[in-house]
Amino acid sequence: MTIGIDSPTAIGLRLRTLVGLLRWRGQSEPDRLAYRFLSDGEAEEGRVTYGELDARARGLAAVLQSLKAEGSRAMLLYPPGLEYVAAFFGCLYAGVVAVPAFPPRANRNAQRLSSIAADAGATLALTTDNVLGRVERAGARAYGLDSLRWLATDRPAHGVESQWAEPEALGEESLAYLQYTSGSTSAPKGVMVSHGNVLHNSAYIHHGFAHTPESLSLSWLPHFHDMGLLDGIIQPLYGGFPCILMSPSSFLQRPLRWLEAVSEYGVTHSGGPNFAYELCVRRATEGARSALDLSLWRVAYNGAEPVRHETLERFADAFAPCGFRRSSLYPAYGLAEATLKVSGGRAGDGPALLRVRADELERHRVVEARPGERGARALVGSGHTALSTEVRIVHPETLDERASDEVGEVWVRGPGVARGYWRNEEETEHTFRARLPATGEGPYLRTGDLGFIRGGELFVTGRLKDLIIIRGRNHYPQDIELAVERCHPALRPGGGAAFSVESGGEERLVVAQEVEHRRRDEWRTVVEAVLATVAEEFEARPAAVLLLKPGAVPRTSSGKVRRGAAREKFLRGDWEVVDEWRAPAGDDPGLTPAHAFGETSGAASLVGWLRERLAAMLGVPASEIDPARSLTRYGVDSLMAVELMHAAETAFG
C-alpha cells in the first residue's frame with residue numbers, strides 16, 4: 001500500500017493559494033507521482049512528479065516575471081498533455097491570470113478564441129513549439145490573435161527556477177483564472193475564479209468522493225473545461241493521489257479506451273457527462289466487456305449535462321459482469337459559476353431516483369407517481385449540499401421561495417461561488433447578487449436551472465435559459481442562429497430558431513430557419529450549407545434542419561424568438577415546411593464498425609468506403625458524395641470525424 005500525505009484539510013493545514021498547495025506537495029513529497037499522460041489513450045507519453053511539476057512551474061513563472069507579466073492574462077493554447085498542466089501552474093506562480101482555452105485550428109474555432117482573448121484583455125499566448133509553428137505558418141491574424149505575445153513553453157531554459165519569487169500580494173481572494181467554458185461567442189462571459197474558490201471546491205469534492213492517498217483518478221475531459229480542470233487536474237493535487245490523463249479525442253475515437261484504462265490501472269475515481277456512459281454502452285461488445293475488470297472503480301461521477309436514469313441503468317447492467325457496482329454511480333450537479341460542484345451524494349450510496357407525474361411537472365408541481373402509473377418521469381437526484389454550500393429553490397419571476405412540492409430556479413450560496421463575470425458588472429449583478437425580497441437574504445448565484453429539493457436531495461428538472469447542451473458542451477442558440485443565417489443568401493436574417501430535443505436518450509439540436517421565396521431551386525444546397533456550418537463552427541450535428549416560410553418562426557410581441565414554442569411545434573409536428581432534412585433513422589454520434597464495410601484496402605476502395613458511409617449518414621445516393629470535399633461540408637461533427645478516421649485506419653491501415 002502506498003503511504004502518502006492526505007488532503008490539507010484532513011491534516012489541519014491551512015493553505016491560502018494553489019501555489020502554496022503545489023509548493024507543499026513539491027517539498028514534502030517531491031518524488032511522488034503526480035500525473036501521467038497516455039498520448040493515444042493507451043501508451044504512456046510522459047509522467048511528472050510533484051517535485052518536477054513545482055520546478056517546471058517556477059521556471060515558467062520566472063520567465064513570465066522577467067517579462068513583467070504579473071497581473072496580466074495569458075491564453076493557454078495547448079493540446080491535451082502535461083505541458084498544459086505545467087503552464088497552468090506556471091501562470092499561478094507568476095501571478096498571471098490563466099485563461100484556459102484550446103489550440104487554434106484552421107477554420108474551426110478562430111471566432112471563439114478571438115472573442116475570449118478580446119474579452120479577457122489577454123496579452124500573452126502560451127503554447128507548444130508545434131502549435132506555435134502552425135500558427136506562424138497560417139499567421140496569427142487568421143485566428144484574431146495577432147495582438148498577443150506568443151511563447152512556446154515546452155523547451156524551458158534550465159536553472160531559471162531559482163530566479164522565481166512568489167508574488168507578495170497572492171492570497172485567497174486573488175484571481176486564479178477565467179473560465180470561459182459556457183460563454184456565448186458573441187458576448188463571452190469569463191467566470192472569475194479565485195484561489196479560495198478552488199481550494200474550497202476541492203475540499204468539497206474530496207469530502208463527497210471520499211478520496212484517500214491510495215485513490216487513483218483518470219480524466220479524458222478537456223483541460224479547459226471546468227470539470228476537466230478542477231476534477232481532472234487540480235483535485236488529484238489537492239488529495240495527494242496520482243492522476244492519469246487522456247485526450248478527449250482518444251476517448252471519442254474509441255470510448256472503450258476509457259474503461260480499458262480504468263481496468264488496466266485500477267482506477268478508483270473517474271467520470272464525465274452522461275453521453276460518455278451512453279457511448280460506452282453502445283460501443284461495448286460482449287467480447288470487449290469480457291476483458292474488463294471495473295471492480296476497483298468506486299466513484300463514477302456523472303455531471304455537466306442532464307443525468308438520465310435510463311443511461312445509468314443500461315451502464316450498470318452492461319458492466320456488472322465486469323465487476324462494476326451500481327452503487328459506484330455518482331450523479332452530481334455543478335456549474336462554472338460555482339467553480340464546479342454544487343451538490344453530490346456520498347461515495348458508495350448510488351443514485352437516488354424519484355418517479356413523478358410528468359403532467360404535474362409541466363405545471364412546476366412535484367407529485368410522486370404511483371407504482372406502474374403511466375406518464376411518469378424518472379428523475380435522478382443530484383445529491384445534497386455540504387461544507388457551507390446552500391441551495392434555495394426560488395420562483396424565477398416573483399423571487400419568492402418555493403414550497404417543497406414546487407419547482408423553481410436553483411439558487412446557490414457558498415464559498416465556492418465565483419466572484420462574478422470578468423468586466424461585466426451588469427451580468428454579475430443579475431446572476432451573482434440575487435436576494436430573497438422577503439428576508440433580504442443573499443447574495444445568491446442564480447443558476448438558470450430548474451429543480452426542487454426532496455428529503456435534502458436536489459433534483460434538477462430543466463433549464464430556464466435556452467442553453468443547448470450537447471455532449472457536455474454548452475451552446476447558446478443565438479450563436480447558432482447567427483452563424484446559420486449567414487451561411488447562405490437564401491436564409492432570412494433574424495429568421496431562425498435553434499433549440500434542442502431529446503432523441504435516442506440524448507440531447508440533439510434542431511435548426512428551424514426562414515428562407516426567401518425566390519430561392520426555391522436551392523433548398524438542397526441550403527441544407528448542406530447549414531449542416532456544414534454547424535459542424536465547422538460548433539462541432540455538432542443537427543437531428544433536423546427545417547426550412548420555413550417567412551414569418552413562420554414564433555416570436556413575442558416585441559419580436560423576440562420564442563424557442564420554447566418552436567420546440568413544441570416541432571414535437572407536435574405542426575411546422576409547415578418549405579423543405580426539411582432529418583438525420584436518418586438510427587443516426588447516432590458514432591459510426592458503423594469498419595468491418596461492416598468489408599476488409600478492403602487501396603485508395604479506390606477507401607473512396608468507395610467513404611462514399612458509402614457518408615451517403616448512409618445523409619440518406620442520399622452514394623453517387624452524390626464527393627470524397628474530395630471537406631467532411632464538415634457533409635455535416636460531420638467532431639465526434640463523427642474522429643470515429644470515421646479511426647474506422648478508416650482500422651479498415652485500410
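1. Lining of the second largest pocket. In this predicted model, α14 (425–432), β19 (445–454) and α15 (477–485) each supply at least two residues of the lining of the second largest pocket. Helix α14 gives the largest share, three residues. A pocket is an open set of points on a 1 Å grid over the protein atoms alone, where a 1.4 Å probe fits, with protein on both sides within 12 Å along at least five of seven lines; lining residues have an atom within 4 Å of a point. Helices (H or I, at least four residues) and strands (E, at least two) are DSSP runs, numbered from the N terminus.

2. Space and composition. The second largest pocket holds about 550 Å³ of space, a volume being the space filled by probe spheres set on the grid points. Among its 18 lining residues, Lys 189, Glu 427, His 430, Lys 465 and Asp 466 are the closest to the centre. By class, the lining has six nonpolar, four polar and eight charged residues; Asp, Glu, Lys and Arg count as charged, Ala, Val, Leu, Ile, Met, Phe, Trp, Tyr, Cys and Pro as nonpolar, and the others as polar.

3. Whole protein. There are 19 helices and 26 strands, and 57% of the 653 residues count as buried.

4. Basis. Residues are numbered from 1 along each chain as its sequence is written. Local features need pLDDT of at least 70 and side-chain atom pairs pLDDT 80 or more, while totals for chains, interfaces and linings use all residues; side-chain values use heavy atoms, with hydrogens and water left out.

Note on methods: Buried < 20%, exposed > 50% of the residue type's maximum accessible area, 1.4 Å probe, protein only.
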